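Thanks for coming, everyone. Please have a look at the next slide, and then I'll walk you through some of its details.

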Amino acid sequence: MWAVLAMWLIPQGMRAQEVTITVTNDEKVQRQEVVEVDIQAVYRALGIQAGEPFLVKNALGQEVIYQVSYDGKLLLDASVRPCGTADFTVMKGVPRAMKSFVTGKQYPERVDDIAWENDRTAYRIYGPALQKSGERAFGVDVWVKNTPDLEVEKRYVTELSNHPTIEALKAEGKKEEALAMEEATTYHFDHGYGLDCYKVGPTLGGGAPALMNGEELILPYCYKDYRILDNGPLRFTVQVSYNPTAIQGDQVVENRIISLDKGSNFNKCVVWYDGLSKPTNLAMGVVMHQEDLETVLLGKDMVLYADPTDNPAKQNFQIYVGCLFPNGVSSTRTIMNKEVVNGNAGHAVGVTTVKSGERYTYYFGSAWSKNDVRTFNEWKLRAEESINAIHAPLHTTVK
């Protein structure tokens, strides 16, 4: 998922039947991540126009999945040995059908949720229909999963399609049958592939941003407008904007571009605000719940937390959440509520200062103790390796 710069070394006037992309790892650790290559460099080298078909093969000659992103990048899922290189060959031709490892969409049938996922975790943010209902859910929701398969749409279909039958059974007095069907179809129970058991409410949830007025977080409600910019097979990207919010006499509009890559535990989030008349503090972080206020880490460039779920006594597992700040913050700290509401005790956040229109990039993410990150110590290691990878991106050359 980490941004890289592509260099192309093709003499003018020369066009190749094949182009080699070399991915170089300068670090002494194994790397596996989605890399970016300037797609215009590839088009020029092959002598093709944007939109013409091409395929990509690895060093073994196998055709591999790729994606052309909305912002002009060729995305490749690269595995590179410590201090090693990996070569890919690009050639004209029609690629085979590509399996998608990331996807997302709006679900108007579920109060305008936008939900997205990769092969590790799923997320959602709430939309205008929910805001009209009066329900207070502001932040990023986390849906845990323990399968690389795409699950979100199936969960929505299974739960929502059974609601009429469940309500009909209740109306007929068949409460036990209704409960049995509800338990068998709800995405709030684990049926072997994961579930939704994370509490958001009027909080940052698992990584949302919010401007500050003193020590108060000014949380926007639900998004107003959205555009899906990328939708697989290797990256999902959505841009959202929010209704104007009154902050210190200003009417401020929040904007975000969120992207999630295959294989990553962290979303990239670019956030900016229009309408600020002066520099304002910005907080980005995760909600802390009353059931566990001990398992939190405040680092110089990250905040991490082990969330106890919405029913810790019966779930008996943890959801690991956190934010990474590779561009730095002025501080990381907790902001505790004066009163605990629905278990929400406060937030662990990084704080920086932004001006009107100024873009700030950070990362938010999650993992599940029943999937790929079993302990909080593993989560700390995953976060450290992720931020190290951001600071030392894999390099690409096109020849």
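Let me start with Asn118. At 0% relative accessibility, Asn118 counts as buried; buried means under 20% relative accessible area, exposed means over 50%, and partly exposed is in between, with a 1.4 Å probe and protein chains only. Asn118 sits in the loop between strand E9 (113–117) and strand E10 (121–125). Strands here are DSSP runs of E with at least two residues, numbered from the N terminus. What does the side chain of Asn118 reach? It reaches the backbone oxygen of Asp261, at 2.8 Å.

A word on where this comes from. This is a predicted model, where local features need pLDDT of at least 70 and side-chain atom pairs count only at pLDDT 80 or more, while totals for chains, interfaces and linings use all residues. Residues are numbered from 1 along each chain as its sequence is written, and side-chain values use heavy atoms, with hydrogens and water left out.

Next, strand E26, residues 360–368. Nine of its nine residues are buried, so E26 is largely enclosed by the rest of the structure. In a regular strand, side chains alternate between the two faces of the sheet. In E26, Tyr360, Tyr362, Phe364, Ser366 and Trp368 point one way. Thr361, Tyr363, Gly365 and Ala367 point the other way. Which strands join E26? Strand E19 (residues 266–274) does, antiparallel, through six bridges. Strand E23 (residues 319–324) is also antiparallel to E26, again with six bridges. Two strands pair if DSSP finds at least two bridges between them.

Now an open sheet. It has five strands, in the order E14-E13-E20-E25-E24, with antiparallel pairing. The edge strands are E14 (216–218) and E24 (331–341), and each pairs on one side only. Neighbouring strands in this sheet are turned by 45° against each other on average, direction ignored. E24 pairs with E25 (residues 344–354) in the antiparallel sense, over seven bridges. One example: the bridge partner of Thr332 is Gly350, in E25.

On to empty space. Rolling a probe the size of a water molecule over the atoms shows where space is left. How many cavities of 30 Å³ or more does the structure hold? One. The largest cavity has a volume of about 50 Å³. Its lining divides into seven nonpolar residues, two polar and one charged. Among the lining residues are Leu211, Pro220, Tyr242 and Glu254. Strand E17 (245–247) and strand E18 (250–261) each supply at least two residues of that lining.

Last, some backbone details. Most residues other than glycine have a negative phi, and most peptide bonds are trans. Gln248 has a phi near 50°, a positive value in a residue other than glycine. Gln248 lies in the loop between E17 and E18, and at 37% relative accessibility it counts as partly exposed. Cys83 also has a positive phi, near 50°. Cys83 is in the loop between strand E6 (73–80) and strand E7 (85–92). It is partly exposed, with a relative accessible area of 48%. And the peptide bond joining Gly232 and Pro233 is cis, with omega about 10°. Pro233 is in the loop between strand E15 (223–231) and strand E16 (235–242).

How values were computed: Helices (H or I, at least four residues) and strands (E, at least two) are DSSP runs, numbered from the N terminus. Axes are lines fitted to C-alpha atoms, for helices over the stretch in contact, and angles run from 0 to 180 degrees between N-to-C directions. On a 1 Å grid over the protein atoms alone, a cavity is a set of points where a 1.4 Å probe fits but cannot get out, and a pocket is an open set with protein on both sides within 12 Å along at least five of seven lines; lining residues have an atom within 4 Å of a point. Grid points are joined across faces, edges and corners, and a volume is the space filled by probe spheres set on the points. Ala, Val, Leu, Ile, Met, Phe, Trp, Tyr, Cys and Pro count as nonpolar, Asp, Glu, Lys and Arg as charged, and the others, Gly among them, as polar. A polar contact is a pair of N or O atoms within 3.5 Å; within protein, one must be able to donate a hydrogen and the other to accept it, and residues adjacent in sequence count only if both atoms are side-chain atoms.
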